[in-house]
Amino acid sequence: AMVKPVLLLVEDAHWIDPSTLRIIERIISTCSDIPLMVLITHRTDWSHGWSGFTSDLSTLHLTRLDRESVAELIAQIAGRDLDSAFIDEVLTRTDGVPLYVEEVARFLLDAKVGRASEVPSTLQGAMMARLDAVPDFAKKVALAASVFGREFDRALVAHAMDAQADRVAQGIEELRRAGLVYESGQKRGVYIFRHALIRDTAYQSMISPTRRHYHAAAAGALLSLRAAEIEREPELAANHLIEAQDYVAAFDYLKPAAEKALARSASEEAVYHAERLVAVAENLGEGAMEQQTVARIMLGRSFESIGRLPEALDLLGRTAETARELGWHAHFVEAVYRFTDAALMSSGEIERAHRLCKEAFDLVPEDDEPLRCLMLSQLARCGMHAGDFENSARHSREAVALAEKLNDIRAQF
């Protein structure tokens with residue numbers, strides 16, 4: 001923007017993730033003195049709360065189309081002018097909603113009907129009629145593609161359908177000619193549903209078993225063809241596995257998703273993944289107490305990361321007690337370590353943290369020197385807060401000596 005004026009366009013902000021939202025907020029709050037325009041589109045039920053830190057904010061509410069605009073839009077799509085009575089009927093049925101008007105016009109063009117009584121009475125009905133109008137295999141392609149979201153990769157859809165790539169490509173071409181999808185101009189072999197509601201209509205038209213089948217197949221396609229991407233973003237596989245109700249596999253991908261979010265300080269995403277991890281673990285039933293314990297520790301860590309310290313202390317404290325009762329020493333030690341982090345951060349429950357650290361340290365195996373180093377450091381910090389300076393200094397010296405032995409001074413932290 002210092003070289004030439006810049007337009008930053010953010011579409012469908014109602015779908016934005018927390019980290020990207022923070023970036024946009026940072027740009028808006030710090031770039032008021034440069035030639036930069038940020039244009040954001042979103043649904044009316046989404047709010048931003050930005051008026052508090054910028055005065056250079058304008059909101060434009062897009063209204064429904066008037067009669068003249070409806071007539072013009074229909075004429076552009078149909079390639080001919082329609083009579084006044086027909087336009088009035090369509091306007092009455094669509095109430096000037098642009099997408100509905102467009103879908104009705106395309107339906108008329110494709111179906112070659114000329115009476116308003118034949119127009120679907122709802123927007124979803126209009127889009128479903130458009131889907132029903134394409135060949136059967138093309139419709140199946142649309143259904144399989146819809147589980148990937150509004151944007152889908154041709155190769156992934158073919159793998160998920162267990163179909164020949166050429167046949168899937170032909171099906172996608174039928175959808176493109178029908179105006180239901182278009183090819184991305186940035187990614188080769190990637191297509192986009194022309195509107196999110198078209199994708200939603202295709203997705204919601206499937207019965208539950210079919211939807212679960214395609215989600216399981218989508219997860220398999222991602223793991224087979226996009227292994228490196230899943231390594232970076234395991235939540236992509238987890239999302240499909242949850243919808244497929246394969247909770248065992250979903251757990252194995254959600255846990256690293258939360259870990260990776262914590263590692264890059266994406267605390268809101270970490271909480272989101274960890275809360276889903278807890279829900280998945282609970283869906284595994286009463287025999288999955290250990291997975292539930294692991295999930296709750298992860299959620300407690302995420303609460304601590306985002307600053308929700310009272311919730312972190314409560315959850316980690318209860319989880320530590322459960323792990324102790326069940327004899328899960330490793331989980332008990334980790335829960336205590338994370339509980340102590342939250343206690344030291346909030347300066348609350350230090351005495352309890354100190355007591356638990358002493359108990360946990362005695363359970364750490366002698367040969368697990370990295371973990372002993374960490375727990376010695378926690379004992380040193382708790383002792384200092386509790387006024388036990390002599391033992392605090394001793395534990396600190398032992399932690400430093402062990403870290404030097406490990407040739408990793410960061411092992412204390």
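Trainee: What is the handedness of the crossing of H19 and H20?

Mentor: The crossing of H19 and H20 is left-handed, a word used if the near helix is turned anticlockwise from the far one by less than a right angle. This is a predicted model, in which local features need pLDDT of at least 70, side-chain atom pairs count only at pLDDT 80 or more, and totals for chains, interfaces and linings use all residues. Residues are numbered from 1 along each chain as its sequence is written, and side-chain values use heavy atoms, with hydrogens and water left out.

Trainee: Why are H19 and H20 called roughly antiparallel?

Mentor: Helix H19 covers residues 369-386 and helix H20 residues 389-405, and they pack at an angle of about 155°, with axes 8 Å apart. Angles over 145 degrees count as roughly antiparallel, and H19 and H20 are therefore roughly antiparallel.

Trainee: Which residues of H19 and H20 meet?

Mentor: Among them are Glu369, Arg372, Cys373 and Leu376 in H19, and Phe389, Ser392, His395 and Lys405 in H20; contact means heavy atoms within 4.5 Å. By class, this contact of H19 with H20 has 9 nonpolar, 5 polar and 4 charged residues (Ala, Val, Leu, Ile, Met, Phe, Trp, Tyr, Cys and Pro are nonpolar, Asp, Glu, Lys and Arg charged, the others, Gly among them, polar).

Trainee: What makes H14 and H15 roughly antiparallel?

Mentor: Helix H14 (residues 267-283) packs with H15 at an angle of about 160°, their axes 8 Å apart. That angle puts H14 and H15 in the class, so they are roughly antiparallel to each other. The crossing of H14 and H15 is left-handed. Their contact includes Val271, Ala274, Leu277 and Val278 of H14, and Ala295, Met298, Leu299 and Phe303 of H15. By class, the contact of H14 with H15 has 11 nonpolar, 5 polar and 4 charged residues.

Trainee: Why are H5 and H9 called roughly perpendicular?

Mentor: Helix H5 (residues 123-133) and helix H9 (residues 196-204) pack at an angle of about 75°, with axes 9 Å apart. Angles of 65 to 115 degrees count as roughly perpendicular, and H5 and H9 are therefore roughly perpendicular. Leu123, Gln124, Met127, Met128 and Leu131 in H5 meet Leu197, Ile198, Thr201, Ala202 and Gln204 in H9. The contact of H5 with H9 has 7 nonpolar, 3 polar and no charged residues.

Trainee: Which helix supplies the largest share of the lining of the second largest pocket?

Mentor: H15 does, with 4 residues. Helix H13 (247-263), helix H15 (289-306) and helix H17 (329-346) each supply at least two residues of that lining. The lining of the second largest pocket divides into 2 nonpolar, 4 polar and 5 charged residues, including Glu259, Arg301, Glu304, Arg338 and Asp341.

Technical notes:
Axes fitted to C-alpha atoms, helices over the stretch in contact; angles between N-to-C directions. Parallel < 35°, antiparallel > 145°, perpendicular 65-115°, else oblique. 1 Å grid on protein atoms, 1.4 Å probe; cavity = no way out; pocket = protein on both sides within 12 Å on 5 of 7 lines; lining within 4 Å.
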